[in-house]
Amino acid sequence: MSLERTRKITELQSQYMQQQERQQQLSKRRKRGLIRRLTLLGLLAVISSVVIITTIYNQQSTIEEKLAEQKKLEKELSGLKQEEKLLREEIVKLNDDEYIAKIARRDYFLSDENEIIFNIKD
């Protein structure tokens, strides 16, 4: 008796066996198709998730930049409003003749009658 004895078994070629083989092949084909579809769907989900996350991150950073710029501009606006207030007060003062005379004496060394201006350096 040799160890390498091979048996040959003949397959039954019945209609039932052929039908079972077709069903097995069909189920294998369906499983492969299902695996391919699920893989594709998973890949699309990962890609869309990455796109959505990067978009949200970019939008968040843009919003933070805009908020910082808004705060800066609000500070500048308050400074400009204060400057406008001072300039309006200056306009009201410049309509007064005594104030104009005081500025002319101080800045341009103009004097009234019988008035002498001494310039003393610090």
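1. Leu 94 is found in helix α1. Helices here are DSSP runs of H or I with at least four residues, strands are E runs of at least two, and both are numbered from the N terminus. Leu 94 is partly exposed, at 39% relative accessible area. The cut-offs are under 20% for buried and over 50% for exposed, with partly exposed in between (1.4 Å probe, protein chains only).

2. The model is predicted, so local features need pLDDT of at least 70 and side-chain atom pairs count only at pLDDT 80 or more, while totals for chains, interfaces and linings use all residues. Residues are numbered from 1 along each chain as its sequence is written, and side-chain values use heavy atoms, with hydrogens and water left out.

3. Helix α1 covers residues 15–94.

4. The C-alpha trace spans about 150 × 35 × 15 Å along its principal axes.

5. Beyond Leu 94, take Glu 113. These two residues are 19 apart along the chain, and their C-alpha atoms are separated by 22 Å.

6. What share of the residues is buried? The figure is 2% of the 122 residues. The accessible surface comes to about 12800 Å². Carbon and sulfur atoms hold 57% of that surface. Areas come from the Shrake-Rupley method with a 1.4 Å probe, and for residues only the protein chains shown count as cover.

7. A nonpolar surface patch of about 470 Å² is formed by Leu 40, Leu 43, Leu 44, Ile 47 and Val 51. Patch members have over 30% relative accessible area and no salt bridge; like charges are joined within 9 Å, nonpolar side chains (Val, Leu, Ile, Met, Phe, Trp, Tyr) within 5 Å. Val 51 sits in helix α1. Its relative accessible area is 46%, so Val 51 is partly exposed.

8. Charge also gathers on the surface. Lys 28, Arg 29, Arg 32 and Arg 36 make a positive patch. Arg 29 belongs to helix α1. Arg 29 counts as exposed because its relative accessibility is 54%.

9. Across the chain there are 23 positive and 20 negative charges, and their mean positions lie 32 Å apart. Lys and Arg count as positive, Asp and Glu as negative; His and the chain ends are not counted. Each charge is placed at NZ of Lys, CZ of Arg, CG of Asp or CD of Glu.

10. The count of salt bridges is two. The rule asks for a side-chain nitrogen of Lys or Arg within 4 Å of a carboxyl oxygen of Asp or Glu. Glu 84 pairs with Arg 88, with the closest N and O atoms 3.0 Å apart. Both lie in helix α1, four residues apart, about one turn of the helix. Glu 84 is partly exposed at 39%, and Arg 88 is exposed at 53%.

11. Arg 106 and Asp 107 form a salt bridge too, at 3.0 Å from N to O. Arg 106 is exposed, with 54% relative accessible area. Asp 107 is partly exposed, with 37%.
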